[in-house]
Amino acid sequence: MALLRSLRTQRTTTYLIYSRTSVNVSSSSSAAVAAIRRSLHTTTALEVDVQANSQSSSNQELQHGQAASILRRRQQQHHHHLLSRLIGTPVGVGVGGGSRQHARYVHSGQNGRQSHQLVQPEVIVGETMRDKRQLGKSASPKPTGTPQRDPLDVSFNDPIAAFKSKTTWELVRAYMVYMICSSEKLVEHNMTLMKWSKQILGTRLFTMLMKATFYGHFVAGEDQIKIIPTLERLRSFGVKPILDYSVEEDISQEEAEKREVESSVSSAGDIKEEGAMPQYHVDKSFADRRYKVSSARTYFYLNEATCERNMETFIKCLEAVSGATFGTGITAIKLTALGRPQLLLQLSEVIMRTRQYMEDLMGGQGNVLTHHKTIKDLEKYYATLGDNKNVQDFLKNVTSDKEGILHLFPWSGIVDEDSQLSDTFRVPDPQTGQMRRLISQIPPKEEEMFRNMIRRLNTIVKTAAELDVRIMIDAEQTYFQPAISRITLEMMRKYNKDKAIVFNTYQCYLRESFREVGTDLEQAKRQNFYFGAKLVRGAYMEQERARAQALGYPDPVNPTYEATTDMYHKTLSECLRRIKLMKDCGDDARKIGIMVASHNEDTVRFAIEQMNQIGISPEDKVICFGQLLGMCDYITFPLGQAGYSAYKYIPYGPVEEVLPYLSRRAQENKGVLKKIKKEKRLLMAEIRRRLLRGQLFYKPKGNYVPI
């Protein structure tokens, strides 16, 4: 018992040592808490060992002395190892803001089961953050030794560089998965085959089969704890994570349609007022948003409680990223997971009707900001109405600067959780001066739902800022996207004051992509916030074309694949041009951050060539690259190992619950057989090389440090 009391004293001392150590090395707060937790588990296990040994021994004093000696040595070794690891590990920029006010839990299983509560994290994290602020956020130790850097083969034909992070078994598994993806019949019926396999094999054998094939290749693990080895290995080879909890509901088409229709129509009815735009109203034929979509995850609204659970899931992703990536990680979220889709539809329609209003009033096309009109110009348009009080009140709320009008409405209200949508979006009629709504009257309950959606998003972004993790808000269908982009920009304006925390996503297969990115860049410049963008080709092309044709509005998608590539490169070039201008003027070039999220090696090469031409280096940390886990490793890993900022999109979740995700990955790979052909060739070349050189049991060990 005396020994156990001594151990408890040492455990208390360990608390103080680790919390102070984590402060001094400026690691993330969650990493410090994780270190404490691991130490406590180790100490507790040792206590149990000693107690068991002492009870079973016939000579208690002798066993007591031996156990105490062994225990002290093991504790010293454990503490020394962990302290060295904390001090020697490169860390990122310190956490901004305070800590969350309530205790958080570490999720260790499915369906919301909780394992161990972190002991008073608000005390530990709060103390850590206070000391970090005193030390300065930039105080980061240098890694021990010189991090490795490899030359980059821009042809992406080097199998050693592509797969040095993989064991030989992982290469064989990847080759086998790509062979299956090359069979159209197998891919077409993959979901049915997986369900049959589960019924025949049983849960245990089915899980083993999936981990040996598709799940093992495309998914990092089942929970936040089990993915850590994957994240650490990626990091050791210069690659950082974008984390996504990829559990999806496997619901029928009928259920999806029912949910979407019910949640996309107001309780007041689907009111189509004069000037209503058909694309911003639900249509049952396209209510299942999974239709002809293979690469994007879909959420269907059920109730507010489900949205709350989705918020908690996103927060757990943030905590997992923060604990394993030291300020370099990203979490991807979807706004349709956080609220009722009807509200996004209505807000999108308001935005597009506002553009139409400005076109009618002033001529020209595009956003209000692109017209370069001033308040005085507006006053001239309303001059015939005299000193109309409605007009005067409206003009007081118009947002402008010396270069002209930015917004007709106080958009900041939509992220401040206290304004009413129905009252915000009103404009004066140019003939009568009467205020008219651009949005139909929203019932109080639905106004509350919108405020809840914004509250959830605010909670996620605040947590990201505290944990020093970035948020990428995914693009969705064009009928949601105006609202999503507007909300995201306001989140940028609110939170991206010192660095880019919030990133928007732009789909370059859309005809308006270049204009939208340019307008948003201009707003960021004029309102002085950091702008973050992920550029993708897009995920909803076939669905968007079919819906536009059916509902009778213009096709929003570029006519050809080549036109989409041109749009992507044109948009990326404009972003790089603006970064170069800021750099040349002595401004902070990091005020613009771009992720080139592409599996197209020509686009990646184009980005690298452009960076070289205008003098942007990887160390500037303004351009990064991203691909999905299990796809295009021959692009991602050579980039990370050459010192470029490279990311993998990391899905995780229980085997049975990520089957819809795996089905989509199989479908997507079927559609890119040319890329698969190259990856299969490189995989086979590396497998042969290892066999010939006797490296069958090669163990990956990297010495790369992500920038």
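The axes of helix H13 (residues 341-362) and helix H18 (residues 481-495) come within 7 Å and cross at roughly 85 degrees, and H13 is therefore roughly perpendicular to H18, a term that covers angles of 65 to 115 degrees. On the H13 side the contact (heavy atoms within 4.5 Å) is made by Leu-344, Leu-347, Ser-348, Ile-351 and Met-352, and on the H18 side by Gln-481, Pro-482, Ala-483, Arg-486 and Ile-487. These contact residues divide into seven nonpolar, two polar and one charged, where Ala, Val, Leu, Ile, Met, Phe, Trp, Tyr, Cys and Pro count as nonpolar, Asp, Glu, Lys and Arg as charged, and the others, Gly among them, as polar.

This is a predicted model, in which local features need pLDDT of at least 70 and side-chain atom pairs count only at pLDDT 80 or more, while totals for chains, interfaces and linings use all residues. Residues are numbered from 1 along each chain as its sequence is written, and side-chain values use heavy atoms, with hydrogens and water left out. Helices (H or I, at least four residues) and strands (E, at least two) are DSSP runs, numbered from the N terminus.

Helix H13 also holds Arg-355, which touches Gly-366, Asn-367 and Glu-516 when residues up to four places away in sequence are not counted.

Two non-glycine residues with positive phi lie in loops: Asp-468, with phi near 60 degrees, is in the loop between helix H17 (444-467) and strand S9 (470-473), and Lys-621, with phi of about 55 degrees, is in the loop between helix H22 (601-614) and strand S13 (623-628).

| Residue | Relative accessible area and class |
|---|---|
| Arg-355 | 14%, buried |
| Asp-468 | 8%, buried |
| Lys-621 | 47%, partly exposed |

Strand S5 (residues 399-401) and strand S6 (residues 404-407) pair in the antiparallel sense over three bridges, pairing being assigned if DSSP finds at least two bridges between two strands. The two strands form a hairpin with two residues between them, and Thr-399 has His-407 in S6 as its bridge partner.

Helix H21 (residues 561-584) has 24 residues and should span 34 Å at 1.5 Å a residue, which agrees with its end C-alpha atoms being 34 Å apart; the expected span is 1.5 Å times one less than the number of residues. Just after H21, Gly-586 takes a positive phi of about 85 degrees.

How values were computed:
Axes fitted to C-alpha atoms, helices over the stretch in contact; angles between N-to-C directions. Parallel < 35°, antiparallel > 145°, perpendicular 65-115°, else oblique. Buried < 20%, exposed > 50% of the residue type's maximum accessible area, 1.4 Å probe, protein only.
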